[in-house]
Amino acid sequence: MQSTSNGSRKIAGTRLEPRGLVVTLLFALASGCTSPTIEVEGSGGAGRSAAGTGGAAGNRGAGGATQVVIAIGETDAAVDRPTGPYCGDGMVLRNEQCDDGNTVNGDGCSRICQVEANYTCPPQGGPCVNQAICGNGSLTSNEECDDGNTKSGDGCSSDCQAVEPGFVCRVPGKPCIPYCGDGVLASLELCDDGNTVAGDGCSATCRTEPGSKCSGEPSVCVSTVCGDGKTEGGEGCDDGNAIPFDGCSAECQIEPDCSAGACKSNCGDGIVLNEDCDDANHASGDGCSSECKLEAGWTCTQAPMGNPMMVPVVYRDFRFHNPKDFEDGVTGQTAASKGMVKPDLDKDGKPVFTSITGDGVHVTSPATFAQWYRNTDGVNHATGAKLALWDNGKGGYVNRYGADGEQWSITATANWCGTVGEELQDYDAGGPQPCTYRYQYQPGIDGGGQQLTDCQKLEAQGYTMLRCYRDGNTYKATYFVRAVDGNPLFFPVDDDNFTPASERTTAGIPSTADQLYDATGNWPTEEAVTGERRLHNFSFTSEVRYWFKYDTSQSYRLDFTGDDDVWVFINRKLAVDLGGIHIPVAGSITLDAAAASKLGGLANGNVYEVAVFQAERQTTGSTYKLTLSGFNASISSCVPACGDGVAVANEECDNGPDNDDTAYGGCTTECKWGPFCGDGIVNGPEECDNGKQNGGEYVDGGCTLGCTKPHYCGDGILDTDRKEECDLGALNGVKLDAERNPSEPDGQIYCNPDCSIPEGIVF
């Protein structure tokens, strides 16, 4: 029953239909039942009641029909007897979709008893329940997202009406995640340049890449300039140069302070000492904060050293005879001259000359020696660089000849493999064959010469020919013997113009008993071995420093070969002494308990420095071989901790222990979404899924960001929140009978084509 404006109750009575008029008999019962009325309504519109007092009155309804109000003086049992259902009586009858006891829009059941979008209504009638509650994790058609809360700033607005810029909300009830590559900075993104391409300053996971700084939306990334005196981006320092070993590395990161023995490790130097982590930068948001604290959602461990392992080095280029220590004309030295340097480095961490003379020393004075490893204007030119050490497959890392880690090939030269014009003939192979001799020994063939060529002799040893070439009227060949580590052509300052072209010369390949880089033992020229004639820059020094955390449970070994001078200091104590001008000489040290005691008493868990000083002071050859075993100074490597419940970096999701790689809306064990809204496949509760096209125009065939079908007038779904009063789909604008079946010409239009209810319609 509905209350009228005067407080009476309307009770449905008999329905009459005289020539298009619908006559409804109503009995108004006030508390005393003294003012019943009869209303006559025109079928074209709702009648306007005009109850009189103690008599009858009439007016014209909205549709133009006459309305008659008849006063009845007493109760009539026939009028009080209901004969048919109507919308608003609280019972779902006929073809009603719902009936909540009223004819009001916006409460789930419309004024023509059609269920409104985002409501559920009981099938037997009664109040409807609104499902469109922002924050309940269920995405309804009037929401763009629902991440299970009503907070803004996390990707889904507080009213669930907008996906916030920079985010993607893929699964209802799950957290939204930053959308890396959309050009909008959101959540934990450090940059977003509008793409997911690495190498442009902003990584594929929206992290600022080393050596870059990014700002703005979309992020614009530029290279930081280490050495410009400005500390910016991921730099931990910038002292105005790109030379390491002065407290600020060539990459502008802080170096450990080892001036007092055991090193003091600072946040940003890449060494974990009394820190959660240290990833060798001062940037936060990458797992290890600017204070070297572990950030939520990440796991940081000491990374494998990689291949290659890069160690910092300073090369200093010298001119011949400036000082006279370089290119002093020494020959015949096959052994090191020990005792040239003091057993401890000085306060600057440099070796100190003892002033000894003889053998291969040839140092003018302590003052000239001090210039070897110090930047000195007019005397040398310093360059900071990295020395690549490659995994040797034996637990160690060693430098090699090739830029990509290729080993040096020991070769043997066949000096006579035949005479030009007297080759063997092989017409199937094209005629005369170079590096053959028609009178050479041919097994199984009688007659002819029985002479063995040098090529045949080397091939009998299992060697492989690398090249055959002419030397005048004679054929010669180069054969591969084996591959070895180290570099017999170590010329790191060839590109330094401090030394003029007039001082550059060719190099020879050493052949010594313990460092055999050529199988012939004849010290052939580089050209003879490789076929290339190159001029090299001799007279230089190198300074390598390497930091490691000493662990008594580990085994450490350092092997070194060099010409000329080589000194190795550990904890500022002399460990390897191979000084003087000489041919390649090898040395090594194993850091056992006895050695650790002699080197200042290395303590477990402390960080120490390895410093290697080398000098190339005499032309002909330049050999360098450094092998490190057990020395691991790799920085912290931080990766997202999938399964901790915090989605960071390239994790799409992280539901902690609930990661599930099979359920819809679940998170895989790799922290990637399983089936989700936006993957282009209709899964789970989705009504549609057009992949990247979701969220387009709300038309037939479209799909919302929440994978629900976009509602529009004519889809048969009543969206009162979009100002629709009704929506009967294909029946909009069609005349219907009382059961909403098409009826021409006597029916009524219950819903206009624009989803409005015609004036006066009550179902």
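Residues are called buried under 20% relative accessible area, exposed over 50%, and partly exposed in between, using a 1.4 Å probe and protein chains only. The model is predicted, so local features need pLDDT of at least 70 and side-chain atom pairs count only at pLDDT 80 or more, while totals for chains, interfaces and linings use all residues. Residues are numbered from 1 along each chain as its sequence is written, and side-chain values use heavy atoms, with hydrogens and water left out.

Asn 95 is partly exposed, at a relative accessible area of 26%. This residue sits in the loop between strand E5 (66–71) and strand E6 (119–120). Strands (E, at least two residues) are DSSP runs, numbered from the N terminus. The C-alpha atom of Asn 95 is 7.6 Å from that of Arg 740, although 645 residues separate the two along the chain.

Thr 541 belongs to strand E21 (residues 540–549). Thr 541 is buried because its relative accessible area is 0%. Its side chain reaches the backbone oxygen of Trp 372 at 2.9 Å. Beyond neighbours within four places in sequence, Thr 541 is in contact (heavy atoms within 4.5 Å) with residues including Val 314, Phe 318, Trp 372 and Gln 614.

Strand E22 (residues 557–563) runs antiparallel to E25 and is joined to it by six bridges; two strands pair if DSSP finds at least two bridges between them. Gly 562 has Val 585 of E25 as its bridge partner.

Notes
Helix = DSSP H or I, 4+ residues; strand = E, 2+ residues; numbered from the N terminus. Polar contact = N/O pair within 3.5 Å; in protein donor to acceptor, adjacent residues only side chain to side chain.
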